[in-house]
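Subject: Structure handover

Hello,

Here is the structure you asked about. Please open it alongside this note; what I found follows below.

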Amino acid sequence: MEFSFPSYQLSPLYHYLLPSPALFSNQLLPENHVNWTQTPEAHVYSADLPGVRKEEIKVEVEDSRYLIIRTEAIDDSTKPAMDFKRKFRLPGSIDIDGISAKYEDGVLTVTVPRTFRRGGFYIDPADVPDRVEVLARAA
């Protein structure tokens, strides 16, 4: 399953309703977007960040619930090639310690592995009584 979070663009119909196209550009958000893909093993987020250096990219997990991808200046004298910040709510049953990221050819790929925990339990046959009493009948 794959989801794409594209930039939002106004329909040509809205240009007739707005006072001036110069006041409202075609794009409300930057052209870059983040793709989210689910595999049986992981959730994969891919962001196009052309021209950004690897040192300017920050990938963080906040409160074990949110994945934050952003660009940040290395020092006060420089500015990143582009301003970028996206925040995603992480799904349940993930391995936070296993999150990995790679940046190659202007594309950042963040992999969030799933955890598979069985919620089962074990009943020892020795703990089961020989006789079971019914305390209440079902209605």
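Strands S4 (residues 57–62) and S5 run antiparallel and are joined by six bridges. Strands here are DSSP runs of E with at least two residues, numbered from the N terminus. Two strands pair if DSSP finds at least two bridges between them.

This is a predicted model: local features need pLDDT of at least 70, side-chain atom pairs count only at pLDDT 80 or more, and totals for chains, interfaces and linings use all residues. Residues are numbered from 1 along each chain as its sequence is written, and side-chain values use heavy atoms, with hydrogens and water left out.

Lys58 is bridged to Arg70 in S5. Val59 is bridged to Ile69 in S5. The two strands form a hairpin with three residues between them. Asp63 sits in that turn and has a positive phi of about 55°.

S5 also pairs with strand S6 (residues 85–89), again antiparallel, over five bridges. There, Leu67 has Phe88 of S6 as its bridge partner.

Put together, the three strands make an open antiparallel sheet in the order S4-S5-S6. S4 and S6 are the edge strands, each pairing on one side only. The twist averages 15° from one strand to the next. For that angle, axes are lines fitted to C-alpha atoms, and angles run from 0 to 180 degrees between N-to-C directions.

**S5 and Thr71**

How many of the six residues of S5 are buried? Five are, so strand S5 (residues 66–71) is mostly covered. Buried means under 20% relative accessible area, exposed over 50%, and partly exposed in between (1.4 Å probe, protein chains only).

Thr71 belongs to S5. Thr71 counts as buried because its relative accessibility is 11%. Its side chain reaches the backbone oxygen of Met82 at 2.8 Å. Leaving aside neighbours within four places in sequence, Thr71 is in contact (heavy atoms within 4.5 Å) with Val52, Glu56, Pro80, Met82, Asp83 and Phe84.

**Two loop residues to look at**

Ser93 lies in the loop between S6 and strand S7 (100–104). Its phi is positive, near 55°, in a residue other than glycine.

Asp105 is in the loop between S7 and strand S8 (107–113). Asp105 is not a glycine, yet has a positive phi of about 55°. Is Asp105 buried or exposed? Asp105 is exposed, because its relative accessible area is 75%.

Best wishes

How values were computed
Helix = DSSP H or I, 4+ residues; strand = E, 2+ residues; numbered from the N terminus. Polar contact = N/O pair within 3.5 Å; in protein donor to acceptor, adjacent residues only side chain to side chain.
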